[in-house]
Amino acid sequence: MNESSAISKSTPSGVAADPVQTPDVQAMQNPAQRVDSQPIKTGLVLGGGGARGCYEIGAWQAFHECGVHFDCVAGTSIGALVGAIYVQHTLKPLVDFVYTMSPAMIAEGMPEMPDSLRDIRSHREELVRFFQKYIRQGTDISPLKDAIHRMFDWTLFSESTVDFACMTINVTKMQGEAFFKKDMTEENAESVILASASCFPAFPMLKMGNDYYIDGGMEDNLPIGLAQEMGAQKIVAIDVHGPGREKPLPSDGSVVYMQPVIDLNNFLDFREDSCIRSLHLGYLETMKRYDRFCGYVFTFTQPSWPRLYMISQYVAMHLDRYGITPDNALAARCFHMTLGYDPAPLNNRYTDNYAGGRLIEALALAVGVEPVQLMSLEYFLTSLKDRTDRIPPLKQPGKIRQSLSLLQSSSHDQIISFLHAALVHHGGRLPMVLEPLRKLFETEYILACTWYCLKDYLK
């Protein structure tokens, strides 16, 4: 099975014609470029991270659509598994694996391990039974072993021109141990991949020969050095922030570093919907990095850009009347309020003209618009209006003390809606009595002003 038949399940529609590429992207897309009369060898490095590795599968889908190919791949843990299948050029089995994912496909009797405390409480008895069994007998990862056996094809792997390496830890020798494609055989290849993915102590050690092995994350969770040993001069490294050790990035510009913009779920969260979400994020964010889609946390089709650019510029210009100068730092504060963390950087050809757009996206997050999907600008604006219309209105008290008491017990979206209503009712300015709220609820005020400018443009 080749890659061209493996994109249908999770690739959103709406991909436009090829845009102008940035220099780093051009180097990845055109490995035939030459330096000192020698072909540039490109490498892909896939970090460890359990269920978060589904992001790397989505990124692979985007690489395929963008015509990006790599001469070698290095990985640790789930990155080793995805990397080995990348060598074969058989994407479909991995996509199918994600779309049928469950904890039981990783380890026998493994329960759901979500992030939220509420979900953990709802699975309390199941978790207790699993950990009691784990303490007595350890974890049976035969389902994962069977999945690797189904997806891995030694003939395709060995005959591929793509080189491979993965990192493990040799517990017997108490040191990291890398395995390269040239060292692997039909007899040991699946064991090598499984050894790299044996996340101890959650998973048991794996014995090969006389030695025991575990996940290589504690030695090097993002093994850029292995790609360099295979001769890669230009490297794309995907870090999904799994547990482990990461060495400093090279400072010579040879590595394009990628990480999820939106945080991924618990690395042990193998629920189907969680894994599919990670796959979609990997696809959407990688397509944005390669200029095929636009947006930052949200993802828009490329035909949306001209109007999105105009709206972004209009909002940025008109926020000046409120003493607000949109920039990435200001947007980061707004995203932190809505997400609870700072989303990772994402730079592409649109970034420098998108300061107002980032504030609009932060507003959309604050009112509950779902970001993990590909959308047109029209769909986004309709969703934003629908969400803002649903916010329960707050009565406008006549005194500042009453307003302060009301807002202190309200949610972020209600505060934004309250301040926006005040702006609407007073011609774009807060009444004097509410002026102190600007500083007390500064981030919400910025988003209320953004909302006001956006509606003004749309009129």
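This is a short chat about a predicted model, covering an annotated site and a surface patch.

Visitor: Where does UniProt put the feature "active site"?
Guide: The unreviewed UniProt entry places that feature at S77 and D215.

Visitor: Why do they gather at one spot?
Guide: They span 139 residues in sequence, but no two of their C-alpha atoms are more than 5.7 Å apart, so they gather at one spot. The lining of the largest cavity includes S77 and D215.

Visitor: Take S77. Which loop is it in?
Guide: S77 sits in the loop between β4 (72-76) and α3 (78-88).

Visitor: Is S77 buried or exposed?
Guide: S77 has 7% relative accessibility, so it counts as buried, the cut-off being under 20%.

Visitor: What is S77 in contact with?
Guide: Leaving aside neighbours within four places in sequence, S77 contacts G48, S196, A197 and D215.

Visitor: And which strand holds D215?
Guide: D215 belongs to strand β8, residues 211-215. D215 is buried too, with a relative accessible area of 10%.

Visitor: What does D215 touch?
Guide: Not counting residues up to four places away in sequence, the residues D215 touches include T76, S77, I169, A195 and F200.

Visitor: Switching to the surface. Which residues form a nonpolar patch there?
Guide: F200, M205 and Y212 form one, with about 280 Å² of accessible area together. Among them, F200 is also touched by D215.

Visitor: Where is M205?
Guide: M205 lies in the loop between α9 (189-196) and β7 (206-208). With a relative accessible area of 35%, M205 is partly exposed.

Methods
Residues are numbered from 1 along each chain as its sequence is written. This is a predicted model: local features need pLDDT of at least 70, side-chain atom pairs count only at pLDDT 80 or more; totals for chains, interfaces and linings use all residues. Side-chain values use heavy atoms; hydrogens and water are left out. Patches are made of residues with over 30% relative accessible area and no salt bridge: like charges are joined within 9 Å, nonpolar side chains (Val, Leu, Ile, Met, Phe, Trp, Tyr) within 5 Å. Accessible areas come from the Shrake-Rupley method with a 1.4 Å probe; for residues, only the protein chains shown count as cover. A salt bridge is a side-chain nitrogen of Lys or Arg within 4 Å of a carboxyl oxygen of Asp or Glu. Helices (H or I, at least four residues) and strands (E, at least two) are DSSP runs, numbered from the N terminus. Buried means under 20% relative accessible area, exposed over 50%, partly exposed in between (1.4 Å probe, protein chains only). UniProt positions are given in the numbering used here, feature names are shortened, and annotations may be inferred rather than shown by experiment. On a 1 Å grid over the protein atoms alone, a cavity is a set of points where a 1.4 Å probe fits but cannot get out, and a pocket is an open set with protein on both sides within 12 Å along at least five of seven lines; lining residues have an atom within 4 Å of a point. Contact means heavy atoms within 4.5 Å.
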